[in-house]
Amino acid sequence: MSISENAAEATELPEADSRDTTEGRVYTVSGGDWEDLIEDSRHDERMVINMGPQHPSTHGVLRLVLEMEGETVTQLRSVIGYLHTGIEKNCEYRTWTQGVTFVTRMDYLAPLSTELSYCLGVEKLLGIQAPRRAELLRVMLLEINRIGSHLVYIATGGMELGATTAMTLGFREREEVLHLLEHLTGLRMNHAFIRPGGLAQDMPDDYQEVVSAFVKTMDERLPLYDKLFTGQPIWRNRLKGVGYLPVDACLALGVTGPVLRSAGLPWDMRKTEPYSRYDEFEFDIPTSTDADCWARYLIRVEEMHQSLRIIKQCLKKLEPGPVMVEDKKVAWPAQLSLGSDGMGNSLEHVRKIMGQSMESLIHHFKLVTEGFKVPPGQTYTAVESPRGELGVHLVSDGGTRPLRVHVREPSFVNLQSMPAMAEGGLVADVIAAIASIDPVMGGVDR
């Protein structure tokens, strides 16, 4: 018998079943929190319900352990980790540029927000600033992305409350957003389009017409949501007075985004700490003092109108120019151009690279494979994602890859408010409260 087996026998585990295998003795230990709760509630009127982590009604792979008396929730625990990907740790084993392809997969409904926050941090450590055209295009892409994210909030939140029309309409409009982003960046989601120093490439030639057509379409369709939901008594009654969270509770829990603004505080990083030339734009920050699910719905609908307003201003401000810094030690050297077969780089581009000096070819190879070096230091840069303050903490030791990457993900922080919103309310209202936070579990677990 091995030492580990002796130790296991010496430590009696009466609650754990065991069986002998070819690899040794295996103990099966069940979830402690679930077992303890069941045991605690066995002799009184309390009932424990395990909600999730199935997708419908819990707004993603989120597990909620509810302790109830009748239909009233007396205690709520959020259990996370079902979508854990280890993105932050993976970034520490990739070059600074490759890190963009990882962080974009955290908040997969607003990937461009994470890309921008990460790249702003890298640029701050490098002491560089993206060209004006790149910064304005970043703003435009983020606001298009914000509209798509808020549409998913309405679609999934409505579906979870039984309003299937909200789902079909919300995803119809979001499809317009994804088609547009695919045309502009090449991908529907997880774009990795914002890079340290600027953008991966410039916009297609017809971007002005395509974006203008999108804005016109959304201006026509957004009023439909007011007709279908804002004036709809069932929708209003399911959200009004539900998930109450006042401003002092938001500040105590670190809650940001539409949830904080629904409590009356107009805190928006685009206004309070402007980045990427947001201070050049005119737009309003919608707020409310109702601090409930209804206020959060109204705020997100109005934010979509404000995003369209910003996009229109972007189209007017944009002028020809570079979309990547001039520094060849940072700027990605290749200009993307497809071959005649639609695959790889064109032969003309390959000839251009090979026809240059050996030094430039070596530089190209080293920049792509090893990446650029970032001076030692650390920085925290934050942007306003559709869910709140999204900040990236970067630490560099002077190498070609980060020493540490940590993201302050608003979905993770905002999820702390679930017990405060739901305890004392009905189990049906738990669903509305989760939807009003609009968490993205890829960002929570990352």
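Predicted model: local features only at pLDDT ≥ 70, side-chain atom pairs only at ≥ 80, totals over all residues.

User: Where is arginine 277 found?
Analyst: Residues are numbered from 1 along each chain as its sequence is written, and side-chain values use heavy atoms, with hydrogens and water left out. Helices (H or I, at least four residues) and strands (E, at least two) are DSSP runs, numbered from the N terminus. With these conventions, arginine 277 is found in the loop between helix H12 (269-272) and H13.

User: What is the relative accessibility of arginine 277?
Analyst: Its backbone has a positive phi near 65°, in a residue other than glycine. For the side of accessibility, buried means under 20% relative accessible area, exposed over 50%, and partly exposed in between (1.4 Å probe, protein chains only). Arginine 277 counts as partly exposed because its relative accessibility is 23%.

User: Alanine 291 also has a positive phi although it is not a glycine; what is its value?
Analyst: Alanine 291 is found in the loop between H12 and H13. With a relative accessible area of 1%, alanine 291 is buried. Its positive phi is about 55°.

User: Which backbone nitrogen does the side chain of glutamine 306 reach?
Analyst: Glutamine 306 has its place in helix H13 (residues 293-317), and a relative accessible area of 8% makes it buried. Contact means heavy atoms within 4.5 Å, and leaving aside neighbours within four places in sequence, glutamine 306 is in contact with Phe283 and Asp284. At 2.9 Å, its side chain reaches the backbone nitrogen of aspartate 284.

User: With which side chain does glutamate 143 make a polar contact?
Analyst: Glutamate 143 lies in helix H6 (residues 132-160) and counts as buried because its relative accessibility is 0%. Leaving aside neighbours within four places in sequence, the residues in contact with glutamate 143 are Arg270, Tyr278, Ser307, Ile310 and Ile311. A polar contact is a pair of N or O atoms within 3.5 Å, where within protein one must be able to donate a hydrogen and the other to accept it, and residues adjacent in sequence count only if both atoms are side-chain atoms. At 2.7 Å, the side chain of glutamate 143 makes such a contact with that of serine 307.

User: Over how many bridges do E9 and strand E10 pair?
Analyst: Two strands pair if DSSP finds at least two bridges between them. Strand E9 (residues 388-396) is itself mostly covered, with eight of its nine residues buried. With strand E10 (residues 404-408), where arginine 408 stands opposite glycine 391, E9 pairs in the antiparallel sense, and the number of bridges is five.

User: Why is helix H18 described as largely enclosed, and how many of its residues are buried?
Analyst: The buried residues of H18 include Val427, Ile431, Ile434 and Ile437. Just after H18, aspartate 438 takes a positive phi of about 60°. Helix H18 (residues 427-437) is largely enclosed by the rest of the structure because, of its eleven residues, the number buried is nine.

User: How many disulfides does a search of the whole structure find?
Analyst: A disulfide is a pair of cysteine sulfur atoms within 2.5 Å. Cysteine 119 is buried, with a relative accessible area of 0%, and cysteine 293 counts as buried at 0% relative accessibility. The number of disulfides found in the whole structure is zero.

User: What share of the residues of the protein counts as buried?
Analyst: The protein has 19 helices and ten strands. Among its contacts with a separation of 6 or more, residues 24 or more positions apart account for 68%. Of the 446 residues, the share that counts as buried is 51%.
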